[in-house]
Amino acid sequence: MSDAVPRGATPEPPAKQPRLTVLSGPSGVGKSTVVGYLRKVHPEVWLSVSVTTRKPRPGERDGVQYHFVDDDEFDKLVANGELLEWAEFAGNRYGTPRQAVMERLEAGGPVLLEIDLQGARLVRQSMPEARLVFLAPPSWDELVRRLTGRGTESPEVIERRLAVARIELAAESEFDVTLVNTSVEDVARELLALMRDC
Ligand SMILES: Nc1ncnc2c1ncn2[C@@H]1O[C@H](COP(=O)(O)OP(=O)(O)OP(=O)(O)O)[C@@H](O)[C@H]1O
Ligand SMILES: Nc1nc2c(ncn2[C@@H]2O[C@H](COP(=O)(O)O)[C@@H](O)[C@H]2O)c(=O)[nH]1
């Protein structure tokens, strides 16, 4: 059968590819805050829940912010190829469960990952069609204020995360888009528009 469009008929627009959007940026810039706000306003936004060896912070629940696992469990996930990507970040390991993401993409739904720079680079290699979004702070001082003000990390861990932040900020040009987190509402709106533009 011919695929030609009959004369006079309006051609169908090409089917849009389900898009994988990766949100990265230095620790404390506000990634979780932006994603949390976005999902409150748009509960249909699908976010991958990562696996981590980090201990839960007060208020964090297993299966909600993260799947919290021990080192042995994480080793098994890696060995069994169950992680789409994983990285060590400031002394803990974090990874994206492969199956849930692939099922969602195969079902035609957009996917959002909130992961670090190393993970973003791995996703770029394995899924070059992914859109990489960098969340930047309005200034270095504001980043330090936010990370310190969150009050969830010891001074040593804050120093460690800020050292990584300098490396992450230097990698901004590797990303497709930069959003500056001055206003949570504005950034959430811009991120949603990017996710829908696929
Ligand atoms: N636009 C903003 N203006 C002022 N404060 C903000 C803004 N966005 C986030 N914050 C605050 O900054 C702190 C860090 O935010 P958040 O925990 O979301 O960062 P993160 O990027 O997810 O960090 P991490 O990578 O360490 O998990 C929080 O206390 C949050 O309330
Ligand atoms: N490479 C990955 N990085 C991840 C993943 N999930 C979260 N993260 C990133 O880790 C740091 C620290 O997170 P925190 O919750 O301890 O503050 C931050 O940059 C997250 O985006 C993942 O699955 N893979």
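Ligand 1 sits in the largest pocket. The model is predicted, and the account below starts from this site before turning to the protein as a whole.

The shell around ligand 1 holds 15 residues. Closest among them are S27, K31, S32, T33 and R150. By residue type, the shell divides into three nonpolar, seven polar and five charged residues.

Which helices supply at least two residues each to this shell? They are α1, spanning 31–41, and α5, spanning 140–150. The most comes from α1, which gives three residues.

Now look at individual side chains. S27 places a polar side-chain atom 2.5 Å from an oxygen atom of ligand 1. For R150, a polar side-chain atom lies 2.8 Å from an oxygen atom of the ligand. R161 also reaches an oxygen atom of ligand 1, with a polar side-chain atom at 2.9 Å.

How much of ligand 1 does the protein bury? Taken alone, the ligand exposes 640 Å², and the protein buries 75% of that.

Step back to the whole protein. Its 198 residues include 42% that are buried. The secondary structure comprises seven helices and eight strands. Along the principal axes, the C-alpha atoms fill a box of roughly 70 × 40 × 30 Å.

Technical notes. Residues are numbered from 1 along each chain as its sequence is written. Chains are lettered from A and ligands numbered from 1 in the order in which they are written. This is a predicted model: local features need pLDDT of at least 70, side-chain atom pairs count only at pLDDT 80 or more; totals for chains, interfaces and linings use all residues. Side-chain values use heavy atoms; hydrogens and water are left out. A residue is near a molecule or strand if one of its heavy atoms lies within 4 Å of it. A polar contact is a pair of N or O atoms within 3.5 Å; within protein, one must be able to donate a hydrogen and the other to accept it, and residues adjacent in sequence count only if both atoms are side-chain atoms. Accessible areas come from the Shrake-Rupley method with a 1.4 Å probe; for residues, only the protein chains shown count as cover. On a 1 Å grid over the protein atoms alone, a cavity is a set of points where a 1.4 Å probe fits but cannot get out, and a pocket is an open set with protein on both sides within 12 Å along at least five of seven lines; lining residues have an atom within 4 Å of a point. A molecule sits in a cavity or pocket if more than half of its atoms lie within 2 Å of its grid points. Helices (H or I, at least four residues) and strands (E, at least two) are DSSP runs, numbered from the N terminus. Ala, Val, Leu, Ile, Met, Phe, Trp, Tyr, Cys and Pro count as nonpolar, Asp, Glu, Lys and Arg as charged, and the others, Gly among them, as polar. Buried means under 20% relative accessible area, exposed over 50%, partly exposed in between (1.4 Å probe, protein chains only).
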